[in-house]
Structures are given as structure tokens and as C-alpha cells.
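Dear colleague,

Please look it over before reading on.

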Amino acid sequence: MLDHELIDLVGAAHSIVVLSGAGVSAESGIPTFRDALTGLWARFNPEELATPQAFSKDPRLVSRWYDERRCNVLKCRPNAGHFVLAQLEKAFQEKNRPFTLITQNVDRLHQAAGSQNVIELHGNLFTWRCVDCGKERDENGLAFDEHPPRCECGGLRRPGVVWFGEALPGEALLKAQRASGRCALFMSLGTSSVVYPAAALVDLALQNGAKVLEINPEQTPLSRRAHWSLRGKCGKTLPDLISRAGN
Ligand code: OAD
């Protein structure tokens, strides 16, 4: 049963910030990180794959793992949750109201669904960058022949994701913080809310008096502080809510 105050707020909020996590892409067939059985960090050790030290120690292994993820994601399609967020952005643009989509996801499925302005806090799987000269190139094709792929300058190229121990892209974080501190409604969708600094964005929203909505099948550390914490899947609960709000 959806709360009327929430439905009205989604329809009338002067600005919305969405923070999405791996749960938003789960219904597209992309594994989350912390699910006890299928999550990536339940099956693989992040220290061996997702740190700068891991890449220095075994660049081939790290490159193969990220390239396999990249190729798997290329086979996946956005789900109803992604599409309804793109639709909500459009509706807000038409009304000249700010709508900011911040994602921790590296799969670019929001963009594939039509979202125009996506703040990628953790980078993405497709932009590989040379560790020597810094040159970036987008990789949307077949699996690489060599691991890691090489830059024209001869340097090794690495995936453009943020690894443990690395700083988030400064401009993206600043934009995310600014928008969070100004919004009327903050939606935390499909994230375990345990990875910082992304998990701290909601604090900026709460300090500014924003209302907070969480959608997640499981309870998270945010659940008790959110004004609404809906237990459900984003691909179903979110479209239901948005259509009731008339956006
Ligand atoms: P997690 O794997 O930590 O959390 C995914 C959340 O999605 C969990 O709370 C699930 O209960 C929930 N969930 C699962 N299916 C869902 C569905 N259909 N609808 C809604 N929610 C669902 O993923 P993140 O919170 O995104 O960082 O993880 C944050 C960061 O930790 C990732 O960006 C990644 C990881 O280490 C980097 O790679 C830098």
C-alpha cells in the first residue's frame, strides 16, 4: 500500500535526487556485490581484483575479470526501473525542475534506458585508461585479445572504475553533494548504503530537510532513518509509485 503523502511528494517535489546502486540492475541480470549467495564480493575477493595493488601484482587477472564483466553487461538490457527513471527525468525537465541521477553502478544501463544526465560516482566498465599517459578510450566491442589491453604509447590500460582505496572523481562527487544538499526528495534505490562517500549523500539531504525514500527488498542501515522504506524490487515498486504520482 503506497502512502498518499509519498505519492503527492513524488508528483510535486521541487527537486529530486536519486542515488542508485547495484539492486537497480539486479533485474537486468547483473549480480550485486553483497548478496550472500550471488553477490560478486561473496564469490570473489575484492582485494585480489579491485585495488590498485591487485592490478600492479597481477594486471592480467584483473584485466580479464573486468573484461568479462564488461562483456556480460553488454548482453544485458535496462529494466523497468531504469526506464521509469529516464521518464521521470524527462518529466522534471519539462517542468523545469531539477532532477539528478547519481549512480554507483558501472554498467551504464541508466544511459541505455535514456537517462541524459547521469553522475557516475564509481566510474564505468567501458572507459579504459592508460596508466602511463592517462589517455582514455571507450570499449564497447568484443572481449580483448590481450590482457591488459595496451595503449598506443605502450602503457597498460586499466578499467575506468574506482577501486578500493582510490578517490572518487572529484567533479562527480561535488555535483552529487551539491544536488543532495538542495533536494526536496532523496531516493535511495537498490543500494546497501554501506559504501562511503556515496552513503553519506543522504545526510546532506536530511540536513537540508529533504524527505527520504528507500526502495530495497532488504533492510539497510538507512532504513530506520528514511521517511519511507519500501520493501520491494525497484523494477516493480518504482514504476508503480511513479505512475500513481502521475509523472
Ligand atoms: P550492494 O551489493 O552492496 O547492495 C545491493 C542492494 O540492492 C542490497 O541492499 C540488496 O538488498 C538490494 N537489491 C537487490 N535486488 C534488488 C532489486 N531488484 N531492487 C532493489 N534493490 C535490490 O551494491 P551497492 O550498494 O551498489 O563499488 O554497492 C556499493 C558499491 O560497493 C558498488 O558501487 C561497488 C561495491 O564495492 C565499487 O566498485 C567502487
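How do the residues of the lining of the largest cavity divide into nonpolar, polar and charged? This is a predicted model, and in it that lining consists of six nonpolar residues, three polar ones and no charged ones. The residues concerned are Leu19, Phe186, Ser188, Thr191, Ser193, Ala198, Ala199, Val202 and Leu222, and the space they line amounts to about 50 Å³.

Two cavities of 30 Å³ or more were counted. The second largest cavity holds about 40 Å³ of space and has a lining with one nonpolar, no polar and five charged residues, namely Lys135, Arg137, Arg150, Cys151, Glu152 and Arg157.

Turning to the pockets, the largest pocket is the space taken by the ligand, and its volume comes to about 1000 Å³. Its lining numbers 44 residues, with Ala22, Thr32, Phe33, Arg34 and Ser192 lying nearest the centre, and by class there are 21 nonpolar, 16 polar and seven charged residues among them. Helices H2 and H6 (59-74) each supply at least two residues of this lining, the largest share being the three residues that come from H2.

Around the ligand itself there are 22 residues, of which Glu27, Phe33, Arg34, Thr191 and Ser192 come nearest; this shell divides into nine nonpolar, nine polar and four charged residues. Helix H2 (residues 22-26) again contributes the largest share, with three residues.

An N or O atom in the side chain of Glu27 is 2.7 Å from a nitrogen atom of the ligand, while a polar side-chain atom of His122 lies 2.7 Å from an oxygen atom of the ligand. Cys234 takes part through its backbone, where an N or O atom lies 2.9 Å from a nitrogen atom of the ligand. Taken alone, the ligand exposes 800 Å², and 90% of that is buried by the protein.

The second largest pocket has a volume of about 370 Å³ and is lined by 22 residues, with Ile30, Pro31, Leu40, Arg69 and Asn72 nearest its centre. Two or more residues of this lining come from each of H2, helix H3 (40-43) and H6, and H6 gives the most, with seven residues. By class, the lining divides into 12 nonpolar, five polar and five charged residues.

With best regards

Technical notes. Residues numbered from 1 in each chain as written. Predicted model: local features only at pLDDT ≥ 70, side-chain atom pairs only at ≥ 80, totals over all residues. Heavy atoms only, no water. Near = heavy atom within 4 Å. Polar contact = N/O pair within 3.5 Å; in protein donor to acceptor, adjacent residues only side chain to side chain. Areas by Shrake-Rupley, 256 points an atom, 1.4 Å probe, with all protein chains shown as cover. 1 Å grid on protein atoms, 1.4 Å probe; cavity = no way out; pocket = protein on both sides within 12 Å on 5 of 7 lines; lining within 4 Å. Sits in = over half its atoms within 2 Å of the grid points. Helix = DSSP H or I, 4+ residues; strand = E, 2+ residues; numbered from the N terminus. Nonpolar A, V, L, I, M, F, W, Y, C, P; charged D, E, K, R; others polar. Points joined across faces, edges and corners; volume = space filled by probe spheres on them.
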